[in-house]
Amino acid sequence: MAEMGSKGVTAGKIASNVQKKLTRAQEKVLQKLGKADETKDEQFEQCVQNFNKQLTEGTRLQKDLRTYLASVKAMHEASKKLNECLQEVYEPDWPGRDEANKIAENNDLLWMDYHQKLVDQALLTMDTYLGQFPDIKSRIAKRGRKLVDYDSARHHYESLQTAKKKDEAKIAKAEEELIKAQKVFEEMNVDLQEELPSLWNSRVGFYVNTFQSIAGLEENFHKEMSKLNQNLNDVLIGLEKQHGSNTFTVKAQPRKKSKLFSRLRRKKNSDNAPAKGNKSPSPPDGSPAATPEIRVNHEPEPAGGATPGATLPKSPSQSSLPAVVVETFPATVNGTVEGGSGAGRLDLPPGFMFKVQAQHDYTATDTDELQLKAGDVVLVIPFQNPEEQDEGWLMGVKESDWNQHKELEKCRGVFPENFTERVP
């Protein structure tokens, strides 16, 4: 029975709500057609317009603030990746590596702190500010419905009073409903009349606090970031100064062992020069060793064996050695055939193509490589066999050696192209 009673109450409430909606709909139609007057409150309507404007502005500010935070996070990620790249390319033997890594860590912490403070002091405050609008908006809508109920009750009461045949009981009930509708409407109306102007005025202080917080946080962030950037700049300037004094030099591109002197080497005693594997030139150590000369000696080695790479005394029998045949090939640079600007000139090596000047010291690591000092001028010549040319390497003879000896077999060698610069 209790359940049925509960269902009955629920059914009755639903029916009552349906009836209210029908009554309100009829009232609104009559008002729009001009057949029923409508209670107006221009002051309240102005408050509602201000409320809607304030809500629109607040929603836009919240959206833009979230976009700003997303941009801060994106910049944080980009800055982090950039610093990771710096740490990867900053070689262990460069000065300031530890300082650069510490700066990168502080940079990451600074971005994280900035983002979190923006969330705490701006975004959460913004969310709280906008959190009050849905309830007030709902109450404004309810007030509008109660105003329609009041107008409907007033019109019903007036129609009963002006009827030709009056029913006092109906008039009394209509008056009672009118008073009740008026009371409900006025209570809601009074509360909103006080709250809406106060809410509208509060926006000024809220905007001031919000933008002051954002501006202050951004100012402090950029001050701290400026210090870190200055520290990093100092570290890099220190590296640049040491690099400028040739403490750190450009590294040559690794190459395979050249076969330039393979025919000469086959004539050597196998015990005189142990075989080597492929290797990469190591950076200069500040005191480059002299380039060993290549000499062919058929005399027996001294007791105990000759030191590999040592210059052997020239014997009279060497004059009877067969001359090394120099084959003529088109001038090539990295496989490209050039005209050979030195062709036919007796003061330049056969096949001379162009000159380069060493920009850095280079310590030879094999007997077929040139030992270079910064400023040395090298006369570039083609490889006898283009297939023996490794990428990034050139064949040449130092101009000073050529002017003194005029012997290719004695003076020529390979060298890394990126240690030099082409000159006229």
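Biologist: How do helix 2 and helix 4 cross, and at what angle?
Modeller: This is a predicted model. In it, the axes of helix 2 (residues 42-89) and helix 4 (residues 133-161) cross at roughly 150 degrees. Those axes come within 12 Å.

Biologist: Parallel or antiparallel, then?
Modeller: Helix 2 and helix 4 are roughly antiparallel to each other. That is because angles over 145 degrees count as roughly antiparallel, and this crossing is at roughly 150 degrees.

Biologist: Left-handed or right-handed crossing?
Modeller: Helix 2 passes helix 4 in a left-handed crossing.

Biologist: Which residues make the contact?
Modeller: Helix 2 brings Phe44, Val48, Phe51, Gln54 and Leu55. Helix 4 brings Phe133, Ile136, Lys137, Ile140 and Arg143.

Biologist: How many of those are nonpolar, polar and charged?
Modeller: Seven are nonpolar, one is polar and two are charged in the contact of helix 2 with helix 4.

Biologist: Back to arginine 143. How far is glutamate 187 from arginine 143?
Modeller: They are 9.3 Å apart in space, C-alpha to C-alpha. In sequence, 44 residues separate them.

Biologist: Where does glutamate 187 lie?
Modeller: In helix 5, which covers residues 168-244. Glutamate 187 is partly exposed, with a relative accessible area of 46%.

Biologist: What about cysteine 85, how accessible is it?
Modeller: Cysteine 85 has 41% relative accessibility, so it counts as partly exposed.

Biologist: And cysteine 411, buried or exposed?
Modeller: Cysteine 411 counts as buried, at 7% relative accessibility. The cut-off for buried is under 20%.

Biologist: Which loop holds lysine 406?
Modeller: The loop between helix 7 (399-405) and helix 8 (408-411). Lysine 406 has a positive phi of about 55 degrees, although it is not a glycine.

Biologist: How accessible is lysine 406?
Modeller: Lysine 406 is partly exposed, with a relative accessible area of 40%.

Biologist: Zooming out, how many helices and strands are in the protein chain?
Modeller: Eight helices and seven strands. The chain has 424 residues, and 34% of them are buried.

Biologist: What share of contacts joins residues at least 24 apart?
Modeller: The share is 72%, among contacts in the protein chain between residues at least 6 apart in sequence.

Technical notes. Residues are numbered from 1 along each chain as its sequence is written. This is a predicted model: local features need pLDDT of at least 70, side-chain atom pairs count only at pLDDT 80 or more; totals for chains, interfaces and linings use all residues. Side-chain values use heavy atoms; hydrogens and water are left out. Buried means under 20% relative accessible area, exposed over 50%, partly exposed in between (1.4 Å probe, protein chains only). Axes are lines fitted to C-alpha atoms, for helices over the stretch in contact, and angles run from 0 to 180 degrees between N-to-C directions. Helices (H or I, at least four residues) and strands (E, at least two) are DSSP runs, numbered from the N terminus. Angles under 35 degrees count as roughly parallel, over 145 as roughly antiparallel, 65 to 115 as roughly perpendicular and the rest as oblique. A crossing is left-handed if the near helix is turned anticlockwise from the far one by less than a right angle, and right-handed if clockwise. Contact means heavy atoms within 4.5 Å. Ala, Val, Leu, Ile, Met, Phe, Trp, Tyr, Cys and Pro count as nonpolar, Asp, Glu, Lys and Arg as charged, and the others, Gly among them, as polar.
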